[in-house]
Amino acid sequence: MPLLAMKNITKTFPGVMALDGVNFDLCSGEAHSLVGENGAGKSTLIKVLTGVYRQDEGEILLEDKRIQPLSPFESQRMGVSTVYQEINLVPELSVEENLFLGRQPMKLGRIDWKKIRRMAEKALSRLNLQIDPSMPLSSFSIATQQMIAIARSLDISARVLILDEPTSSLDHHEVERLFSIIRKLKSEGLGVIFISHFLDQIFEVSDRLTILRNGQLIETCEVSRISRLELVAKMTGKSIEDLKTAQPYSGKKGTNIGKREILKAERLGRKKDIAPFDLQLHEGEILGFAGLLGSGRTQAAELLFGLKQPDTGKIKREGVEVSIRSPQKAVQYGIGFLPEDRKTQGIFPDLSVRENIILAFQSKKGWWKPLSRKKQELITKNFIETLQIKTADMEKPVGQLSGGNQQKVILARWLASQPEIIILDEPTRGIDVGAKAEIESLIHNLCSEGLSIILISGELEEVERNSHRIMVFRDKVIVSELEGENLNLPNIMKLIAEGEANPRETIQA
Ligand SMILES: Nc1ncnc2c1ncn2[C@@H]1O[C@H](COP(=O)(O)OP(=O)(O)OP(=O)(O)O)[C@@H](O)[C@H]1O
Ligand SMILES: [Mg+2]
């Protein structure tokens, strides 16, 4: 008997069949991955299971008993714990407060702090987390905060743990730590449902996988019985032959780059965020920022986009010194920025796909010169096609799109504003394999038309493959610049991992 069985689940939204008679089951002690392209129905299946949505048809059995949770809270009480991609905790509060927020044990009408401390220690040690529960949450890394989120969601009575894209902002070591926790929980008899767009991780951590495409169940199988190629073919509905002949972007490094210096930074820096650095960006160039999470990549970008003020150095735009005191100023100087944390810094969930896409363009043009509806529709249609945004129509609120498709909308917004420089912070995070290749080739097309790009990515292969030149970040310092034949993966890894900074001269081509 499986621990959990979802039978014949159907869920429709206006204009979309998000789930079409899907069957899914999970055994105790098993990690089971849900895979599929953006919009395939993965999150919807989870939301039906956790009582966020109610299915139109079908039933859910937990340990052979029919359940119909009406809210995430109720599903948690029934033993189904979920950790969403966004960490919904309060950074200013202590770890123990975060763990028991809203369900503090009381004693004589007061919060029982002694008991909280004991419970917190127990919950943390279950995940092998050796931290002081009285410290504020914000004093820990994102990875640790995520583990704390898991600790919070894991009641003693939890039978099922759901992780929806938990690893997208973790580095290699942190992913390993998370996986060792998953293995431990499996050995305690929990069933784990894992969602990720990283195929490597799916193959590493799961026992079985279920493939969804367009709301339909394609196949459930043991991971050891399927190859990567077969998996991608089934996810995308393409034949294996097609995939074999499809060439990945082969790179035309070093070509087409103009001599024109579009952007320059001289000794730009900000205390605690990033040590003073120099940077040049040329017309049509892709400059990669490589480094681990927290190495200062995003902070350097924030200075260039006016999100934070530097305390030393200057910025020149085509040779002229400029002061970029706000993102609005940056946009006027022709700079766009696709932020890493798109959930909080970019999407307007209630506005339509069209409204979200034309936003930056309209703001650059000035709100007193509104774009005609026809023009808006033309732009939107164009981007829905080139980025293959999956939406029933362009008037749909963005909040109703799948996570990956929301991301494509924000990318479209920046591209529509026709910037001369665009900073892309993790542009393919949460985006499925097919769309990822599309976005990479789009980036190169834009470049060959003269757009200059700063590309930030934690996936080293991605920066390596796409950049003409790379700056390597380590511990808030730009330690080196790589180009030409020196620009290769082993060199990047070496620089990232090394204990002390290498003098730039020794590495430069
Ligand atoms: N609240 C909603 N209202 C309307 N449509 C929705 C809603 N939630 C999801 N959908 C639609 O259902 C389909 C499946 O979306 P879902 O979020 O389950 O995809 P996903 O597989 O999780 O994708 P991703 O990998 O991008 O996160 C999509 O077409 C989406 O637009
Ligand atoms: Mg999703």
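Is F13 buried, partly exposed or exposed? F13 is partly exposed, with a relative accessible area of 27%; buried means under 20% relative accessible area, exposed over 50%, and partly exposed in between (1.4 Å probe, protein chains only). Before going on, note that this is a predicted model, where local features need pLDDT of at least 70, side-chain atom pairs count only at pLDDT 80 or more, and totals for chains, interfaces and linings use all residues. Residues are numbered from 1 along each chain as its sequence is written, chains are lettered from A and ligands numbered from 1 in the order in which they are written, and side-chain values use heavy atoms, leaving out hydrogens and water.

Now to the rings. Rings of Phe, Tyr and Trp (its six-membered ring) pair if their centres lie within 6.5 Å, with planes under 30 degrees apart counted as stacked, over 60 as edge-to-face and the rest as tilted. This rule gives five aromatic pairs. F13 sits in strand β1 and Y53 in the loop between α1 and β4, 40 residues apart; helices (H or I, at least four residues) and strands (E, at least two) are DSSP runs, numbered from the N terminus.

The rings of F179 and F194 are also edge-to-face, because their planes stand at 80°, with centres 5.8 Å apart. F179 belongs to helix α6 and F194 to strand β10, so the pair ties together parts 15 residues apart in sequence. Both F179 and F194 are buried.
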